[in-house]
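Subject: Structure for you to look at

Hello,

Here is the structure I promised. Please open it next to this email and follow along.

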Amino acid sequence: MSPTSPLRARSAAAKQQREQAILDAARRLGSEHSVREVTLTDIAAAVGMHKSAMLRYFETREQIFLALTAEGWREWSGAVRTELADLSDPSPGTIASTLAQSLVARPLFCDLLAQAPMNLERNVSLEAAYTFKTDVLAEVASLTTTLGQLLGISELAAIDVVSTATSMAGALWQMAAPGTGLRALYESRPELAHAVVDVEPKLTRILTALLTGMHAGRDYLDG
């Protein structure tokens, strides 16, 4: 081993620790506020770095949150697959409820699901976007296998379920505007009652209808 090897190892470990500190700070700030409100300056201040120094670790603010989105996919996919495997009654309604509950229990992930296609993916390098997409597709593949086994539906149908669940969770979360002045306005004005979105029951109804139809027609988009 050369004399410089330990130094390189320590430097790599220090870089990894700093990257993790940046991700932790962004996760905390994104949970306290909406993701779109958190700036690179905010994250740098939380870590105790100058904004320009952040570029040594991440290309852009969007790459930081895209990394958190991929992390969210891995965590959610693993957790919900375990929940689905433990169901005693894997009916369309039960599966729909499980998917909806698992997503709503992860508010930051729901926020990121909406932000990723709108701006996060569009403000990183193609290499970073490729890495993100391949990470997500691996989780989608694992989840579609579980759904296909439980419902007896095709791979393409199962992919549609995952796409619908995650895209609707992101969109409905934005519409619900939890913890914001808009939400307070909606709740305080009777004429705006239609704008008060309760994400979990609405998402459950949407997914139940989708899964019931797919389960009834097992050859849905087969092949």
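Is Ala-26 buried or exposed? Ala-26 is buried, because its relative accessible area is 0%. Buried means under 20% relative accessible area, exposed means over 50%, and partly exposed is in between (1.4 Å probe, protein chains only).

Two notes before you go on. This is a predicted model, in which local features need pLDDT of at least 70, side-chain atom pairs count only at pLDDT 80 or more, and totals for chains, interfaces and linings use all residues. Residues are numbered from 1 along each chain as its sequence is written, and side-chain values use heavy atoms, with hydrogens and water left out.

**The fold**

The chain has nine helices and zero strands. Helices (H or I, at least four residues) and strands (E, at least two) are DSSP runs, numbered from the N terminus. Of the 223 residues in the chain, 40% are buried.

**Around Ala-26**

Ala-26 sits in helix 1. Setting aside neighbours within four places in sequence, Ala-26 is in contact (heavy atoms within 4.5 Å) with Ile-43, Ile-64, Phe-65 and Leu-68.

**The core**

The largest nonpolar core has 62 residues. A nonpolar core is a set of buried Ala, Val, Leu, Ile, Met, Phe, Trp, Tyr and Cys residues joined through side-chain atoms within 4.5 Å. Ile-43, Ile-64, Phe-65 and Leu-103 touch the most other members. Elements that give two or more residues to this core include helix 1, helix 2 (40-47), helix 3 (61-85) and helix 4 (92-104).

**Helix 4**

Buried residues of helix 4 include Pro-92, Ile-95, Leu-99 and Leu-103. The buried residues of helix 4 pack against helix 3, helix 5, helix 6, helix 7 and helix 9.

**The largest pocket**

The volume of the largest pocket is about 380 Å³. On a 1 Å grid over the protein atoms alone, a pocket is an open set of points where a 1.4 Å probe fits, with protein on both sides within 12 Å along at least five of seven lines; lining residues have an atom within 4 Å of a point. The volume is the space filled by probe spheres set on the points, which are joined across faces, edges and corners. The lining has 17 residues, and His-33, Ser-34, Trp-173, Pro-178 and Thr-180 lie nearest the centre. Helix 1 (5-32), helix 5 (107-120) and helix 7 (155-176) each supply at least two lining residues.

Best wishes
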